[in-house]
Amino acid sequence: MNFARSQKLFQEAQNYLPGGVDSPVRAFKAVGGTPPFIARGKGSRIYDEDGNEFIDYVCSWGPLILGHSHPQVVDALKRAAERGTSFGAPTELEITLAKMIASAVPSIEMIRFVNSGTEATMTALRLARAFTGRDKIVKFAGGYHGHADGLLVKGGSGLATLSLPDSPGVPTSYAQNTLVAPYNNAEAVAGLFQQYPEEIAAVIVEPVAANIGVVPPQPGFLDNLRSLTSRSGALLIFDEVISGFRVAYGGAQAIYGITPDLTCLGKVIGGGLPVGAYGGKREIMKMMAPTGPVYQAGTLSGNPLAMTAGIETLKVLSQPGVYEQLESTASRLEKGIARVVGSLNLKLNISRFASLLTVFFTDNAAFDYESVSKADTKLFGRFFQQLLAEGIYWPPSQFEAAFISMAHSDEDIDFTIGAIEKALNRLEV
Ligand SMILES: *Cc1c(COP(=O)(O)O)cnc(C)c1O
């Protein structure tokens, strides 16, 4: 494969953008080599500036659950753009998307649209602090909730990949309000509630951890968080920026039957345009300005193009059979990789939840940050490079999930399994 043009662009980009990118994981630091500069995408495929074609398992890190350039989304976007790209005034589109989300996720009685998942979690915590009159929050090691100050403590993938110190630039005084527990360990959370009675405003959790690779919740873990927070008067915040409309139409909370006080969304609900949202109980959401005193605003919030892409994406996702197809495609990939791994002498663990999948280069069960951080990242880097050379664009970090979309066909999956088999065979020698 020839990457001459991408190499040239990457050189040039580094003169103007730190590391040549606008988000760290794109720079391929964890796996080495030059990131292909992408020219276009269609369905399950992306095409780079040198004309190379890849089956894409990044899918923009989750939003593109329908694949690239879905015709229904693109057509609606074209029409919306002709009507105007932004007004800074209310539009009916915001009500339409809000209603669709509220009917899919009943814990969301009211919602506020913002521009990124980071804004959503940052504001949900501000709101939780205002509502409870408490300052401390609990997060989990390896949980990523965007890059707001105070959440950059034991923050998962990007930070794990680059081994950055937890949070340079974040005042210690601020980070001190962030308490960290191991994922899947409700006893540790109970301990924090004992240590800081009436001081904890909220527990924020990815109900299915996906930013240390895919780590599903153990039975009872989320229920325990629900009862611990309720008992102490703290809020339970589900960060469903990845899992929302991904693991099920109603998100992880539909699967586990748990009602969080607040939910953060992003990625899928923007259909590939910049969106985030937070929502939940009416009495809590009413504390937001202008009905209440908690301030948060946004020039482009509820942007008509973003709302349109979200609405069209949810329309497709709400049709019968969609999640069954995602499950069967993802399961085909999982089984295919398992078959290959079974015949090899490599220590691997395939962790899958719905259409999220990680191949961990360790045979530790994926339980928490500690267990997955033992993975052999060097070996993963070689695996990644082999796959790229075979035309598979796998997430360029051991600690990320691969995203399977509605556009991935059985043929795509079988081709991918073949490429993985070749790659792993080469790693074994
Ligand atoms: C991606 C992500 C975020 C941050 O969303 P951005 O839109 O990138 O700011 C927050 N929480 C989780 C769980 C995420 O995966």
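Where is the place of S69? S69 sits in the loop between β3 and α2 (71–83).

1. **Ground rules.** This is a predicted model, in which local features need pLDDT of at least 70, side-chain atom pairs count only at pLDDT 80 or more, and totals for chains, interfaces and linings use all residues. Residues are numbered from 1 along each chain as its sequence is written, and side-chain values use heavy atoms, with hydrogens and water left out. Helices (H or I, at least four residues) and strands (E, at least two) are DSSP runs, numbered from the N terminus.

2. Most residues other than glycine have a negative phi, and most peptide bonds are trans. S69 is not a glycine, yet has a positive phi of about 50°. N184 is another residue other than glycine with a positive phi, near 65°. N184 is found in the loop between β6 (178–181) and α7 (186–195). A cis peptide bond joins A289 and P290, with omega about 10°. P290 lies in the loop between α10 (282–285) and α11.

3. Buried means under 20% relative accessible area, exposed means over 50%, and partly exposed is in between (1.4 Å probe, protein chains only). S69 has a relative accessible area of 33%, so S69 is partly exposed. N184 is at 8%, so N184 counts as buried.

4. Strands of a sheet pair through backbone hydrogen bonds, either parallel or antiparallel. Here, two strands pair if DSSP finds at least two bridges between them. Strands β2 (residues 45–48) and β3 (residues 53–56) are antiparallel, with three bridges. R45 stands opposite I55 in β3. The hairpin of β2 and β3 has four residues between the strands, and G51 there takes a positive phi near 85°. On β3 there is also a parallel pairing, with two bridges to β13 (residues 392–393). D56 stands opposite Y393 in β13.

5. **The three-stranded sheet.** A second open sheet runs β11-β12-β14, with antiparallel pairing. β11 and β14 (402–403) each have a single partner strand, so one side of each is left without a neighbour in the sheet. Five bridges join β11 to β12. R352 has L357 in β12 as its bridge partner.

6. **Helix α12.** This helix (residues 322–342) has 21 residues. From first C-alpha to last, α12 reaches 30 Å, close to the 30 Å expected at 1.5 Å a residue. The expected span is 1.5 Å times one less than the number of residues. Buried residues of α12 include V322, L326, L333, I337 and V341. An α-helix has 3.6 residues a turn, so residues three or four places apart point the same way. The cover over the buried residues of α12 includes α11 (304–317), β11 (349–353), β12 (356–360) and α15.

7. Contact means heavy atoms within 4.5 Å. T308 lies in helix α11. What does T308 touch, not counting residues up to four places away in sequence? Its contacts are A76, L77, A80 and L93. T308 is buried, with a relative accessible area of 5%. E428 lies in α15 (residues 410–428). E428 is partly exposed, at 34% relative accessibility. Leaving out residues up to four places away in sequence, E428 touches L344, N345 and L346. E428 and L346 are 82 residues apart in sequence but 6.8 Å apart in space, C-alpha to C-alpha.

8. **A pocket.** On a 1 Å grid over the protein atoms alone, a pocket is an open set of points with protein on both sides within 12 Å along at least five of seven lines, and lining residues have an atom within 4 Å of a point. Grid points are joined across faces, edges and corners, and a volume is the space filled by probe spheres set on the points. The second largest pocket has a volume of about 510 Å³. Of its 26 lining residues, the closest to its centre are E94, I111, R112, F113 and S301. Strand β4 (residues 110–114) gives the largest share of the lining, four residues.

Technical notes:
1 Å grid on protein atoms, 1.4 Å probe; cavity = no way out; pocket = protein on both sides within 12 Å on 5 of 7 lines; lining within 4 Å.
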